[in-house]
Amino acid sequence: MNDFDHIIVGAGSAGCVLANRLSADPAVRVCLIEAGPPDRNPMIHMPFGLAALAHMRWLNWGYETEPEPQLQNRRLFWPRGRVLGGSSSINAMIYMRGHPQDYRDWAAAAGPEWDWPRVRAIFKDLEDNQAIADDHHGQGGPLSVSNLRQPNPLSLAFVQAGAECQFPVNPDFNGATQAGVGLYQVTQRDGRRFSSARAFLEPALSRPNLTLLTGAQVHRVLIENRRAVGVALATREIRLREGGEILLAGGAINSPQLLMLSGIGPGAHLQAMGIPVVHDAPEVGANLADHLDITVQAALKTRDAIGIAPSFLPRALRASWAYLRRGSGEFTSNIAEAGGFVTSDLTRDRPNLQFHFIPAYLHDHGRRLSLGYGLTLHVCDLLPKSRGRISLASPDPAAAPRIAANYLDHPDDLPTLLNGLKIARRIVKAPALQRYIARETLPGQGVDTDAQLEADIRARAETIYHPVGTCRMGTDPQAVTDGQGRVRGVDGLRVVDASLMPQIIAGNTNAPTMMIAENIARMMLV
């Protein structure tokens with residue numbers, strides 16, 4: 001265990017890509033280390049199973065934020081994958097690249113390797129689109145992308161309701177334009193989840209030069225003479241060959257945490273934790289950005305929704321049979337089937353709000369049972385200006401870090417989300433959905449003024465699970481990493497995951513995270 005060319009920490013969305021690409025050369029020895037278990041649980045692979053995954057703490061880090069000052073000091077639940085495939089094994093499988101301007105901004109911050117033409121080509125190379133064959137999409141790549149097999153009638157009604165509110169119907173959010181409403185494409189194949197582990201890791205596991213360790217949490221990076229030389233686990237060390245590299249792919253929470261545990265981070269904070277300072281890097285853990293989300297919910301007068309009620313039992317049995325026999329039926333649903341991208345006001349030159357429509361009640365991330373038949377329309381601020389920080393709560397690697405998201409800290413963010421909530425309500429009141437609806441349950445009748453709606457946002461808003469930016473890459477000397485993910489101040493150490501993002505992406509973060517890993521792998525293999 002002491003002669004690897006690459007040690008990858010984290011077998012999630014990025015780590016699986018890296019393991020595949022870097023082990024393709026049989027002369028290169030790669031070790032991939034994952035804190036969680038293998039991805040054998042059947043709820044991972046059945047798309048509808050994501051409704052149960054938030055309860056499974058053995059597959060989920062189950063983090064919580066610090067009390068959020070602008071959200072009535074509530075602690076928000078942050079589920080993150082702790083299993084092969086990482087969050088791509090527990091997420092809603094939405095395939096979304098973001099907006100081209102996101103990558104133009106990245107290029108301005110971190111270098112031309114992140115500009116839209118290059119990353120667009122990478123997205124296409126990675127993609128095996130089962131439904132769309134045109135210049136915007138790829139076929140034959142490792143990542144399967146498909147249409148939903150059996151969208152719920154309510155999801156189709158949401159799209160029609162959006163059109164009734166004068167939003168264009170968009171059949172492809174990753175095509176010519178992002179704006180509009182429509183059904184999402186998903187990372188599935190034959191009606192089953194297609195995680196990063198399935199797409200990238202499984203094809204590489206038979207390679208004798210790839211070593212996979214599961215159930216193994218890395219405690220710190222070993223650094224000698226300002227060079228990374230290996231990693232320490234609870235009971236042993238794993239070392240690099242001379243000239244090798246450590247690649248941290250733990251995500252926006254775990255990667256900065258591991259850097260700080262290894263002595264790389266804000267010097268005063270590390271000293272307060274009793275950790276020797278290897279490199280004083282104030283921005284490690286800073287620049288944390290996430291998409292804050294608020295919902296409109298309504299009770300239905302029909303049973304078209306996915307509902308927890310005795311009458312749903314025969315339907316669930318039929319869905320189980322269809323899924324097991326043919327990979328079809330309701331259990332192939334990612335639940336967040338439809339959505340869209342719109343502007344919050346006329347001053348915006350591109351979409352800054354995103355919808356996720358769910359043909360069911362959803363409370364507390366699915367952890368709390370919600371009886372009856374209803375719908376939930378989520379809306380989130382895609383381009384928030386508030387920034388938070390990850391810091392250590394303890395020098396103990398087993399202790400969860402402190403997550404201070406600082407939601408709504410910037411004065412521009414609350415008005416944006418307020419406008420989004422008003423637009424979401426307008427869509428729910430459109431004729432195509434109203435014919436199903438008995439009454440709005442949240443925010444609810446009598447909650448109409450701006451002050452009341454702002455109070456509702458502070459009382460109920462939650463994350464939509466897109467934390468990024470805590471090991472920001474950039475050309476400026478304050479950035480934690482350079483445009484190739486190399487950590488400033490220490491040789492032989494890179495970060496390769498969503499924590500690199502200089503600005504948060506205007507969309508779901510899973511596909512961009514895989515793209516980040518592929519892009520950096522290409523830079524390494526030149």
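**Salt bridges in a predicted protein chain**

Asp 456 is buried, with a relative accessible area of 11%; buried means under 20%, exposed over 50% and partly exposed in between, with a 1.4 Å probe and protein chains only. The model is predicted, so local features need pLDDT of at least 70 and side-chain atom pairs count only at pLDDT 80 or more, while totals for chains, interfaces and linings use all residues. Residues are numbered from 1 along each chain as its sequence is written, and side-chain values use heavy atoms, leaving out hydrogens and water.

Asp 456 meets Arg 460 in a salt bridge, N to O 2.8 Å, a salt bridge being a side-chain nitrogen of Lys or Arg within 4 Å of a carboxyl oxygen of Asp or Glu. Both residues lie in helix H13 (residues 450–460), four residues apart, about one turn of the helix. Helices (H or I, at least four residues) and strands (E, at least two) are DSSP runs numbered from the N terminus.

The count of salt bridges comes to 27. One of them joins the side chains of Glu 462 and Arg 74, at 3.4 Å from N to O. This pair links distant parts of the chain, 388 residues apart: Glu 462 is in strand E23 (residues 462–463), and Arg 74 is in the loop between strand E3 (63–64) and strand E4 (77–78). Glu 462 is partly exposed at 21% relative accessible area, whereas Arg 74 is buried at 18%.

Arg 21, Asp 125, Glu 518 and Arg 522 are linked in a network of salt bridges. In the protein chain, buried residues make up 63% of the 526 residues.
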